[in-house]
Amino acid sequence: MKNGARRTWRLRLYVAGQTPKSIAALANLKRLCEEHLAGRYRIEIVDLVKQPQLARRDEIVVIPTLVRQLPPPIRKIIGDLSNQQKVLLGLDVLPGEPEA
Amino acid sequence: MFMTAGVRRPKRAPKRVGNGRRPLAKAPTGIPGLDEITNGGLPRGRPTLVCGGAGCGKTLLAMEFLVRGALEFNEPGVFMSFEETPDDLVENGRSLGFDLQRLSARRRLLLDHVRLERAELTEAGEYDLEGLFIRLGHAIDSIRAKRVVLDTIELLFSGLSDRALVRAELGRLFRWLKTKRVTAIVTGEGDAGHLTRHGLEEYVSDCVILLDQRVMEQSATRRLRIIKYRGSAHGGNEMPFLIDDHGVSVLPITSLGLAHQVSTSHVSTGVVGLDAMFGKKGYYRGNSVLASGTAGTGKSSVAAHFAQATCGRGERCLYFAFEESASQIARNMRSIGIDLEPWMRRDLLRVHSQRPTALGLEAHLVAMHRLIEDWKPRVVIVDPVTNMIAIGSETEVKAMLARLIDFMKLRQITALFTSLTEGGRAAERTDLGVSSLMDVWMLLGNQEANGERNRTIQIVKARGMAHSNQVREFVMTADGIKLVAVSRRSDGSVAIGSARGAQQQKTPGDKPVPRRRGRRQGA
């Protein structure tokens with residue numbers, strides 16, 4: 001399990017409309033995933049302007065917030081994800097992690 | 001999002017306050033005393049800062065503001081807690097007698113716990129607090145909230161590393177709250193020399209309330225002070241307040257003034273002979289009466305007579321006993337033929353016994369205010385008021401007593417205070433402190449002469465009333481206090497005790513009463 005099966009990364013990005021920070025966060029996230037998790041990730045975008053009730057349910061305060069749903073445990077990264085090193089650290093992804 | 005707001009409410013904030021100098025609209029808190037000292041409540045549609053040290057009662061005050069808003073003013077509220085979980089809040093609410101769960105179920109209240117642990121967050125780039133805005137905005141809209149509490153939003157500073165950003169966002173938050181037209185309480189915890197750790201007072205400029213808890217003479221006292229209230233008159237004094245199972249109550253320091261209505265009707269003292277001394281009618285309704293004397297002069301008996309007469313008319317009497325328990329008083333009074341128990345059973349008489357040292361002075365007075373407010377007695381007895389002096393300085397006690405008396409006068413409550421004076425000294429001197437507040441002052445005494453002790457009573461003053469100037473002798477019989485007919489010697493002096501027996505001489509209206517055995521006199 002640990003080394004064998006492919007781990008799928010399920011990521012959810014909370015944004016609030018099309019703000020510069022939200023747009024930047026999504027762009028940064030996509031780039032990072034393609035570089036390090038190509039073919040092994042799924043990104044879901046939650047726009048709190050459209051679904052405000054999710055802010056309370058999912059305990060969101062800061063925008064943008066990236067939540068790693070899978071693999072467990074849940075992790076939260078805030079900001080526009082411009083600091084790639086920290087995002088990798090937060091997601092617990094080893095830089096340039098090779099295919100298992 | 002908020003288009004269909006309930007516009008039926010009559011109390012709406014003025015459209016634009018600006019510099020139009022329109023009278024400030026206020027949202028009543030419903031907290032006893034607080035609305036009085038703020039002249040109507042908190043600034044409507046604006047945030048108010050409530051600050052103070054740990055455990056000073058900020059959260060409970062804020063909670064009561066929401067609960068009363070929902071229950072009494074049809075204004076639902078959102079409680080956003082950055083510290084306590086909803087379970088904790090429900091538990092705290094219960095200690096004040098509030099059912100937060102029920103209010104939540106009825107959508108009159110929404111509890112939201114915002115958890116922001118720095119250890120659980122990785123910061124990677126620029127961010128803002130839009131999520132909080134959306135979350136709060138949605139909470140407000142979903143129950144059409146008119147009130148909001150943020151307790152305590154300063155924890156954002158410990159949850160996030162970018163202080164400058166949090167600062168800027170807080171400024172934005174408070175401006176945004178105003179556009180939402182909600183009346184908000186924002187709490188902040190202060191430390192030495194600062195109202196709040198992160199300077200929240202810079203953002204909330206309309207109204208700032210400081211709470212404080214300190215220990216004085218072994219008893220904890222809570223105080224509240226309005227530091228700032230833009231556009232509204234406010235007293236800068238510290239007001240004592242109390243938190244108990246009824247919630248928060250503030251005791252205004254300012255006197256209610258002397259504008260109260262005076263009554264011309266009378267209430268019986270419960271002692272026929274004593275009524276006669278007050279022109280046959282007794283005290284004026286709404287008067288404050290002081291009965292002072294040394295130990296064992298019959299002060300409590302005078303009080304018990306008054307209680308019995310009150311209940312006999314079907315009126316409520318609230319008896320604050322600082323020395324004895326209810327059953328002790330009942331037993332003692334039975335020995336002089338006054339049976340108070342039936343009145344207790346019928347709930348016309350309530351005896352509230354408490355050692356004065358159990359609470360601080362202010363706490364006592366606040367508690368007394370509340371009991372009176374809740375139960376609405378027509379007569380209040382404080383036995384003895386001197387025990388309060390034991391827990392506060394004389395000037396303090398006098399100021400607080402003045403407020404209590406004003407408060408009761410306003411409600412046309414007749415009050416009897418007994419006062420224990422030290423033996424050996426002139427009673428008139430020791431009582432000067434409080435007697436000036438009283439309308440009626442009776443002095444009870446034991447006169448020792450010719451190898452016997454005889455009980456006497458005299459009226460030192462009785463405002464606006466013709467009253468006897470005589471020192472009268474009375475006896476304690478199995479039927480209560482009986483005044484003994486005045487008996488004068490040939491030189492005009494009043495003879496008492498055995499001297500009276502030798503000198504018995506009738507005066508109109510009085511009948512001689514044999515010692516220890518009197519005829520029944522109506523209660």
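**Helix 5 of chain B and its surroundings**

Tutor: This is a predicted model. Helix 5 of chain B runs over residues 130–143, and at 1.5 Å a residue its 14 residues should span 20 Å; the end C-alpha atoms are 20 Å apart, so the two agree.

Student: Ok. How many of the residues in helix 5 of chain B are buried?
Tutor: 10 of the 14 are buried, so the helix is mostly covered. Among them are B:L132, B:F133, B:I134 and B:L136, along with B:R135 and B:H138.

Student: And what follows helix 5 of chain B?
Tutor: B:R144 follows, and its phi is positive, near 50 degrees.

Student: Switching topic. How many residues of chain B are in contact with chain A?
Tutor: 22 residues of chain B are in contact with 28 residues of chain A. On the side of chain B that touches chain A, strand 6 (121–123) and helix 5 of chain B are the elements that give two or more residues.

Student: Which of those gives the most?
Tutor: Helix 5 of chain B, with 8 residues.

Student: What sort of residues make up that side of chain B?
Tutor: They divide into 9 nonpolar, 5 polar and 8 charged.

Student: Back to strand 6 of chain B. Which strand of chain A does it pair with?
Tutor: Strand 4 of chain A, residues 75–78. The two pair in the parallel sense over 3 bridges.

Student: Which residue stands opposite A:I77 there?
Tutor: B:T122, in strand 6 of chain B.

Terms used:
Residues are numbered from 1 along each chain as its sequence is written. Chains are lettered from A and ligands numbered from 1 in the order in which they are written. This is a predicted model: local features need pLDDT of at least 70, side-chain atom pairs count only at pLDDT 80 or more; totals for chains, interfaces and linings use all residues. Helices (H or I, at least four residues) and strands (E, at least two) are DSSP runs, numbered from the N terminus. The expected span of a helix is 1.5 Å times one less than its number of residues. A residue is buried if 20 or more other C-beta atoms lie within 10 Å of its own, exposed if 12 or fewer, and partly exposed in between; C-beta atoms are placed from the backbone. Two residues are in contact if their C-beta atoms, placed from the backbone, lie within 7 Å. Ala, Val, Leu, Ile, Met, Phe, Trp, Tyr, Cys and Pro count as nonpolar, Asp, Glu, Lys and Arg as charged, and the others, Gly among them, as polar. Two strands pair if DSSP finds at least two bridges between them.
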